[in-house]
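Me: I have a structure open and a few quick things to ask. Can we go residue by residue, then look at a helix?

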Amino acid sequence: MTAPSASSADAHETGSDVAPEPARGASLYDLGQEGFVSPLTLVLVRHGVTDMTVTHALSGSGNVGPSLNAAGRIQAAKAADAVYRIGRKDWDRVPHVSRVFASPMTRTQETGGAIGRRVGAHVETDDRVREVHFGEWEGLTGAEITAREPENMRQWGLGNFRAPRGESLHDVGLRMDGFIVDAARQHAAACADGKDEARAWAVASHAVAIKTAVAISLGMPVDGWSRMWPQPASLTLLQLRVRDDGSIAERHLLAFGVPTH
């Protein structure tokens, strides 16, 4: 086979036959089918560290606290900077974040507040994106629970077993899925209202909530949901291909647990 000439190669780099740059926010997976609105990207942000994160104590949604510690506040600020860069310096196929959600927990309200100030959006609280309710295990470490209830801890990690007076991983996945489905409907409604454009919304949430949102979106068997570990103040990007009627045709994981500090 004859190699292309230098002039031919130059033409492909600079000539009129060069494919145009994709529109900012255009889906990587848009095949041009009718019946779809522009994509919605959810930027799932795990909160910064608390004192309980450092000691590996289980901190669920049974209590509204704790607050971010000094290191966690710095992490939240760096995560907010990373969210601000989306569609500007980073992730050129994702639009700027225009909306910020947070769970009602203090640590996510603080993280969401840092993001909201950076992108110029107020924080909307949604109970569905809160952390798993650990019930009677709240405040204990995994090692302490395993020493007391080894089989229960093992079964909880497999997804369907509920912590005593608490939730299972599958419970959390179902409510996170409800949030995702509702977000898609709201996005489609906004598109139908004459503003059909790609959108990105940030969600300040928690480790278990984020991993279950990803797992249920990818159709993973529930016994594997516990094997993902988004680090504090990390970003996970989930892009939705949404139909005109607000239903979700496809969910694409663009990134999982990207560190920001």
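Me: Is I74 buried or exposed?
Reply: Bear in mind that this is a predicted model. In it, I74 is exposed, because its relative accessible area is 51% and the cut-off for exposed is over 50%.

Me: Which helix is I74 in?
Reply: I74 belongs to helix α3, which covers residues 70–85.

Me: And how far is I74 from V49, C-alpha to C-alpha?
Reply: The separation is 9.4 Å. Along the chain, I74 and V49 are 25 residues apart.

Me: Switching to Q239. Buried or exposed?
Reply: Q239 is buried, because its relative accessible area is 1% and buried means under 20%. Q239 lies in strand β5, residues 235–242.

Me: What does the side chain of Q239 make a polar contact with?
Reply: With the side chain of T41, at 3.1 Å.

Me: Now helix α4. How many residues does α4 have, and what is its reach?
Reply: α4 has 14 residues, 106–119. From first C-alpha to last, α4 reaches 20 Å, close to the 20 Å expected at 1.5 Å a residue.

Me: Which residues of α4 are buried?
Reply: R107, T108, T111, G112, G113, A114, I115, G116 and V119.

Me: What covers those buried residues of α4?
Reply: The cover includes helix α3 and strands β1 (40–46), β2 (97–102), β3 (123–125) and β4 (199–205). Helix α3 is also where I74 sits.

Me: What follows α4?
Reply: G120 does. The phi of G120 is positive, near 80°.

Note on methods: Residues are numbered from 1 along each chain as its sequence is written. This is a predicted model: local features need pLDDT of at least 70, side-chain atom pairs count only at pLDDT 80 or more; totals for chains, interfaces and linings use all residues. Side-chain values use heavy atoms; hydrogens and water are left out. Helices (H or I, at least four residues) and strands (E, at least two) are DSSP runs, numbered from the N terminus. Buried means under 20% relative accessible area, exposed over 50%, partly exposed in between (1.4 Å probe, protein chains only). A polar contact is a pair of N or O atoms within 3.5 Å; within protein, one must be able to donate a hydrogen and the other to accept it, and residues adjacent in sequence count only if both atoms are side-chain atoms. The expected span of a helix is 1.5 Å times one less than its number of residues. Contact means heavy atoms within 4.5 Å.
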